[in-house]
Amino acid sequence: MKQLALIFTLIACTLWSVTTAQADEEIVLGLSQDKVAITAQFDGSDILIFGAVKRETAIPDSDLDVIIAIEGPTGPVTVRRKEKKFGIWINGAALEVNKAPAFYAVASSAPLGQILRRIENERYAITIDRAIQSVSATVQFGNTQAFTEALMRIQAENGSYQLLENAVEVDQQTLFRSSISLPSNLTEGDYSARIFLLRGGHVVADLKTVIDVRKVGLERFLYNLAYEQAPVYGLLSIFIAIVAGWGASALFRLIRDG
């Protein structure tokens, strides 16, 4: 019995020491910019994410891996499947995604399949497919996975979903850095940046910060006008169209008569 008690004591001490070692690593983060201004000339932006690992103890024996995930505003999305009937393409079965990010990028120091355990991915929802929430029962036929994959493929083609494996540089298990490109079709809102430190496939530390993406200048004015004073925005649009049409007509007559 004394030997059995000693074994349990050693196991308990081992688990306690692992937990303490994990808690001793913290993330010190820096961003090249925490605010992105969308203007008429905005054609995308690059954000440099860099940081260091703060420790109270020696560097553990296992290798350090880093994952960075940037997520844009989320909301419901309807995915429709095109079907060909009578020689034309029409909308067929539809799937309602309860929650999908407008932008999502995942950068990692190595292939995700090698450094991220499935249970950790389930816990922290790190990969793109885990960021897309459950779907409603609106599919008329077929499996829902095909619709989710179609959404991911479409968003990846326009640069809104990015998987950047081997894109995080880790130096001496202490410093890390990566650059993520934001496309020109950004949605306004708060973007969360999450950083994960991993050892042996397990998350040992994580940190979250916010990147503010807003329209500014004329774009901000027109956006507020369209959503807050729709009738005024409609009248202004009609007036601008009339003036533009009249101006083009006058210029054409001037050129013709000249």
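Tutor: Let's start with residue classes: Ala, Val, Leu, Ile, Met, Phe, Trp, Tyr, Cys and Pro count as nonpolar, Asp, Glu, Lys and Arg as charged, and the others, Gly among them, as polar. The model is predicted, so local features need pLDDT of at least 70 and side-chain atom pairs count only at pLDDT 80 or more, while totals for chains, interfaces and linings use all residues. Residues are numbered from 1 along each chain as its sequence is written, and side-chain values use heavy atoms, without hydrogens and water.

Student: What classes of residue make up the lining of the second largest pocket?

Tutor: Three nonpolar, four polar and six charged residues. A pocket here is an open set of points on a 1 Å grid over the protein atoms alone, where a 1.4 Å probe fits, with protein on both sides within 12 Å along at least five of seven lines; lining residues have an atom within 4 Å of a point. The volume of the second largest pocket is about 200 Å³, counted as the space filled by probe spheres set on the points, which are joined across faces, edges and corners. Of its 13 lining residues, E71, T74, K99, S192 and K208 are the closest to the centre.

Student: Which element gives the most to that lining?

Tutor: β11 does, with three residues. Helices (H or I, at least four residues) and strands (E, at least two) are DSSP runs, numbered from the N terminus. Both α4 (128-131) and β11 (189-199) supply at least two lining residues.

Student: What makes E25 and R55 a salt bridge?

Tutor: The term asks for a side-chain nitrogen of Lys or Arg within 4 Å of a carboxyl oxygen of Asp or Glu. In this pair the closest N and O atoms are 2.8 Å apart, so E25 and R55 qualify.

Student: Why does E25 count as buried?

Tutor: Buried means under 20% relative accessible area, exposed over 50%, and partly exposed in between (1.4 Å probe, protein chains only). E25 has 4%, so it falls in the buried class.

Student: What is the N to O distance between E25 and R199?

Tutor: It is 2.9 Å, and the two side chains meet in a salt bridge. This pair links E25 in strand β1 with R199 in strand β11, 174 residues apart. R199 is buried too, at 8%.

Student: How do you know whether E122 is buried or partly exposed?

Tutor: Its relative accessibility is 40%, so E122 is partly exposed. The partner of E122 in a salt bridge is R130, with the closest N and O atoms 3.0 Å apart. R130, at 30%, counts as partly exposed. Elsewhere, salt bridges that share partners join E25, R55 and R199 into one network.

Student: Which residues form a nonpolar patch on the surface?

Tutor: L251, L254 and I255 do, with about 340 Å² of accessible area together. Areas come from the Shrake-Rupley method with a 1.4 Å probe, and for residues only the protein chains shown count as cover. Patch members need over 30% relative accessible area and no salt bridge; like charges are joined within 9 Å, nonpolar side chains (Val, Leu, Ile, Met, Phe, Trp, Tyr) within 5 Å. L251 has 49%, so it passes the accessibility cut-off.
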